[in-house]
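Okay, everyone, let's get going.

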Amino acid sequence: MFSWLGTDDRRRKDPEVFQTVSEGLKKLYKTKLLPLEDYYKFHEFHSPALEDADFDNKPMVLLVGQYSTGKTTFIRFVCAQLPNPVLESISVIDTPGILSGEKQRISRGYDFAAVLEWFAERVDRIILLFDAHKLDISDEFSDVIKALKNHEDKMRVVLNKADQIETQQLMRVYGALMWSLGKIVNTPEVIRVYIGSFWSHPLLIPDNRKLFEAEEQDLFRDIQSLPRNAALRKLNDLIKRARLAKVHAYIISSLKKEMPSVFGKDNKKKELVNNLGEIYSRIEREHQISPGDFPNLRKMQDQLQGQDFSKFQPLKSKLLETVEDMLANDIAQLMVLVRQEESQKPMQMVKGGAFEGTLHGPFGHGYGEGAGEGIDDAEWVVARDKPMYDEIFYTLSPVDGKITGANAKREMVRSKLPNTVLGKIWKLADIDKDGMLDDEEFALANHLIKVKLEGHELPNELPSHLLPPSKRKLTE
């Protein structure tokens, strides 16, 4: 698969040793990948050369969407200069609204898709915004999404303004969006879609408030994780670039090899451009390269039209072997360093602004609901229904005020919850871990069953307000 598998071990150099991931990425790019890019004019076809800033910058989030989908409101843009802790951790890039309808006939004067593709190579997250109230994917938007090929792992979708339509209509819009994206985005994994209303105004139709809050928190958690994963993202992007540069070298050198030395150059050039697909297939077979590593065929054909094939360079094995050695050995060393840096900064997250607006106080997600019900009450919340639970408890043959696990199980399985869920409830309710339940613990178990049946998640640890009164001294 790779030529380095057949090289003599004595000729192989030891992997580079780096102090930081950023330092390693810069050195590998400049000394091993950049020479290959320069030699085969990679920058004229695909992407400009990387600079130090591309390896040192903070994580970036790119927002893309049609006009009036709420991009600027999503980032709560205000034209002012002031301290902002969010921007200390990430950079947010707003883009011009994508044209739709009659506006698509207006020329921008530059290749909009190509500009977004340049950004896509350098950002950590790409958020595509859609308006739930007027769902539409224009031709320009479709072209933009197609230009973001090979960056699907960075993409997330926001179905914004979802509070403007009823629940039943929202389900139809969501289905239509997924169907439309499936025709454009060629990836086996389904892109994560976040549904909500991402602005500070009251919800027009509040029926799905809980859903919107949960989706908002999921999106915030995804963005908050970007600083910790930034080094790994840059490493993966360098690997993608190296693979493309290798394929590009094979394409250019193949075209050079096929060109006549004196006569018939123009006709041969046209023939080679028209048959570029066959050249792709031959390179794929000869070098065992994945089809996904090749550049877009039609775009490459257009770019080759204006090139002078006589100035192309022949195959230079040493340059390719250097890149292959980088992918096989140096990248593995950097991966170890990435894990080390991640472990040393486990809590590195985006802070401030909307990311902290719902973390504390009564407006935190799920506060006072489900397992959080009764958190501010002076009385034990389970006591409200304890008389009903006590009636059941005393029918289960308690001995010395406790029922066995077998008797408790007989009653708990009536809920029809899976054993995995009931096992978690048992672990939370058996406070003293004696394998039996007293009346308070049994009431707590039934309360947690009720919480789960109402559609709420169970806590991993029992909240202090749910501890039975007689057990609170045990945990102090």
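So, which helix gives the largest share of the lining of the largest pocket? That's α9, with ten residues. Keep in mind as we go that this is a predicted model.

The pocket itself has a volume of about 1200 Å³. It's lined by 43 residues, and the closest to its centre are E117, A147, K149, N150 and H151. Besides α9 (226-258), the elements giving two or more residues to that lining are α2 (42-45), α3 (52-56), α5 (112-120), α6 (139-147) and α12 (297-305).

Okay, on to the strands. Have a look at β1, residues 60-65. Is that strand buried or exposed? Six of its six residues are buried, so β1 is largely enclosed by the rest of the structure. Now, in a regular strand the side chains alternate between the two faces of the sheet. Here, M60, L62 and V64 point one way, while V61, L63 and G65 point the other way, and all are buried.

And what does β1 pair with? One partner is β2, residues 91-93, in the parallel sense over three bridges; within that pairing, V61 has V92 as its bridge partner. Then there's β3, residues 125-131, also running parallel to β1 and joined to it by five bridges. Over on that side, L62 stands opposite I126.

Last topic, the aromatics. Searching the whole structure turns up ten aromatic pairs. One of them is F393 with Y394, edge-to-face, at 5.1 Å centre to centre and 85° between the planes.

Two more quick ones while you have the model open. F45, F309 and F312 form one aromatic cluster. And over the ring of Y39 you'll find the charged end of K316, 5.1 Å from the ring centre.

That's my tour, thanks.

Technical notes: Residues numbered from 1 in each chain as written. Predicted model: local features only at pLDDT ≥ 70, side-chain atom pairs only at ≥ 80, totals over all residues. Heavy atoms only, no water. Phe/Tyr/Trp six-rings, centres within 6.5 Å; stacked < 30°, edge-to-face > 60°. Lys NZ or Arg CZ within 6 Å of the ring centre and 35° of its normal. Buried < 20%, exposed > 50% of the residue type's maximum accessible area, 1.4 Å probe, protein only. Helix = DSSP H or I, 4+ residues; strand = E, 2+ residues; numbered from the N terminus. Pairing = 2+ DSSP bridges. 1 Å grid on protein atoms, 1.4 Å probe; cavity = no way out; pocket = protein on both sides within 12 Å on 5 of 7 lines; lining within 4 Å. Points joined across faces, edges and corners; volume = space filled by probe spheres on them.
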